[in-house]
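Please keep the sequence and the model side by side as you read.

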Amino acid sequence: MTLFRLLILLCIVTSCSAQPEKINGLSFVASPIPIDETHTKPVVNVGANYAAIMPFGFIRNLEHPEIVHNTDRQWFGETRSGAKQYIEQLRKKHIKIMIKPQIWVWRGEFTGYIKMSNEADWKTLEESYSKFILEYAHLANETKAEIFCIGTELENFVKERPNYWHNLIKKIKTIYKGKLTYAANWDEFKRTPFWGELDYIGVDAYFPVSDKKTPTIEDCKAGWQKHKTTIKSLSETHAKPILFTEYGYRSMDFTGKEPWESDHTIKSLNFEGQTNATQALFEEFWSEEWFAGGFIWKWFHNYEESGGEKDNQFTPQNKPVETVLQTFYKTE
C-alpha cells in the first residue's frame, strides 16, 4: 500500500470515529431588557456553544385551559420579539440555539400536574397550547435554531392526551425542519410515549444522587449509577441520544438529595456540594457516546450582578462551580 493510500485510509477511519460536538449549553434566562455584547460575552468566556432561549406562556392555575403568551405585560425576553433579539445577539458570538418555550403556572405550581376536569377544557387547552408552541416553531424556523423543544415537564398533559401530542409533532415538522426534543422531568422520561418521533431524548436531570450534607464527587458518582443504567438503556431502546435539557445543583446543603428543590426559604450556603455534584455529573456523562450534552440551569443576562458568594440558587455564575463548568466546556 502506498503512503498516499495509507493516509487516505487513516483519514477515513478518523472521520468515522470522530464524536459529534457535545452540546455545552446554558439556560439563558429571559429578562426585561434587550441584550447586547456585554451580556453575550460571558457566555463565550465560560466556553458554552449553545444557549436555550425560553419564551414563556402563563396559566392561571392547574385546571385552567388557556395559555396567555406573547403580550406586552410580559418581560421582553419572554416574548417572541425578545426571544428573536436574544437569538440574533447570541448568533453574533457563534452560539447555537435551542428554543425551549415553557409554561408558568401562577404561584409556581408544577406544570406536570396540569389536568383539565372535562373534555371541553382539554380541547381548549390543546388549541391554546398549539397556538403557543407553533408560534415558536415558526420562530425556530425563521431563526434556523438548531433545536426546538416541544414542551417542558408536562407529564399529565402527555399521559392524558397522547394522540394530541403525536399530531402536534406532525404539525411542528411541517413548520420546522431542525432537531426536536421534549424536556421530560427526571421521573417522567421513562414513560414519555413519543421519543421515536423526536431527535433527542430530553431529560431535566434533577436525579437524587446523595443524601449527604456535602456530598463528595465519589458520593455523587455512586448515586448516579442506577439512574445512568436506566438512561443508557432508554437511549439504546430508541436509538436516540440523551440530551439533558436542564441540569444543575443549588449551592446549598444536601444539594444532591432533591436537586429539583427551588424553595427560596432555604438559607443554607454550600459551594463545595454544588461543585462536587456538578463535576460528578460531567465525569459520568460527558464522555459517553450516547450522550449529546446539556444545558445548565440557569444563566442570567447581567453576569456581574448574578450568583456570587451569598447566592444559594442554581446559577453557577461567580461561584467556584463556574470553574468546573468552564473546564469541561472549554476542553470539548
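Let us begin with lysine 298, which has its place in strand 11; here helices (H or I, at least four residues) and strands (E, at least two) are DSSP runs, numbered from the N terminus. The peptide bond between tryptophan 297 and lysine 298 is cis, with omega at about -5 degrees. The model is a predicted one, in which local features need pLDDT of at least 70 and side-chain atom pairs count only at pLDDT 80 or more, while totals for chains, interfaces and linings use all residues. Residues are numbered from 1 along each chain as its sequence is written, and side-chain values use heavy atoms, with hydrogens and water left out.

Two strands count as paired if DSSP finds at least two bridges between them.

| Strand pair | Bridges | Facing residues |
|---|---|---|
| Strand 1 (residues 23–28) and strand 11 (residues 291–299) | five | asparagine 24 and glycine 294 |
| Strand 5 (residues 96–99) and strand 7 | two | methionine 98 and isoleucine 147 |
| Strand 7 and strand 8 (residues 179–185) | four | threonine 152 and alanine 183 |
| Strand 3 (residues 56–59) and strand 6 | four | phenylalanine 56 and glutamine 102 |

Is strand 7 buried or exposed? Six of the six residues of strand 7 (residues 147–152) are buried, so the rest of the structure largely encloses this strand. Buried means under 20% relative accessible area, exposed means over 50%, and partly exposed lies in between (1.4 Å probe, protein chains only).

**The cores**

In soluble globular proteins, nonpolar side chains tend to be buried together. A nonpolar core is a set of buried Ala, Val, Leu, Ile, Met, Phe, Trp, Tyr and Cys residues joined through side-chain atoms within 4.5 Å. The largest one here has 87 residues, and those with the most contacts inside it are Tyr129, Phe148, Ile150, Trp165, Trp224, Phe244 and Tyr247. Helix 4 (residues 119–143) gives the largest share of this core, 10 residues. A second, separate core has 11 residues, among them Ala52, Met98, Cys149 and Ala183.

What does phenylalanine 148 touch, leaving aside its neighbours within four places in sequence? Its contacts (heavy atoms within 4.5 Å) include Ile99, Pro101, Ile133, Tyr136, Ala137, Ile172, Tyr176 and Leu180.

**Two packed helices**

Helix 3 (residues 80–91) packs against helix 4 at an angle of about 25 degrees, and their axes are 11 Å apart. That makes helix 3 roughly parallel to helix 4, a term for angles under 35 degrees. Where they meet, helix 3 brings Arg80, Ala83, Lys84, Ile87 and Arg91, and helix 4 brings Glu135, Tyr136, His138, Leu139, Glu142 and Thr143.

**The open sheet and some loops**

Three strands form an open sheet in the order 4-3-6, with mixed pairing. Its edge strands are strand 4 (68–69) and strand 6 (102–105), each of which pairs on one side only. Histidine 64 lies in the loop between strand 3 and strand 4. This histidine 64 is buried, with a relative accessible area of 17%. Apart from neighbours within four places in sequence, histidine 64 is in contact with Ile59 and Met116.

Phenylalanine 254, in the loop between strand 10 and helix 8 (271–285), is not a glycine, but its phi is positive, near 60 degrees. Phenylalanine 254 is partly exposed, with a relative accessible area of 37%. Asparagine 318, in the loop between strand 11 and helix 9, has a positive phi of about 60 degrees although it is not a glycine. Asparagine 318 is partly exposed, at a relative accessible area of 31%.

Methods: Axes fitted to C-alpha atoms, helices over the stretch in contact; angles between N-to-C directions. Parallel < 35°, antiparallel > 145°, perpendicular 65-115°, else oblique.
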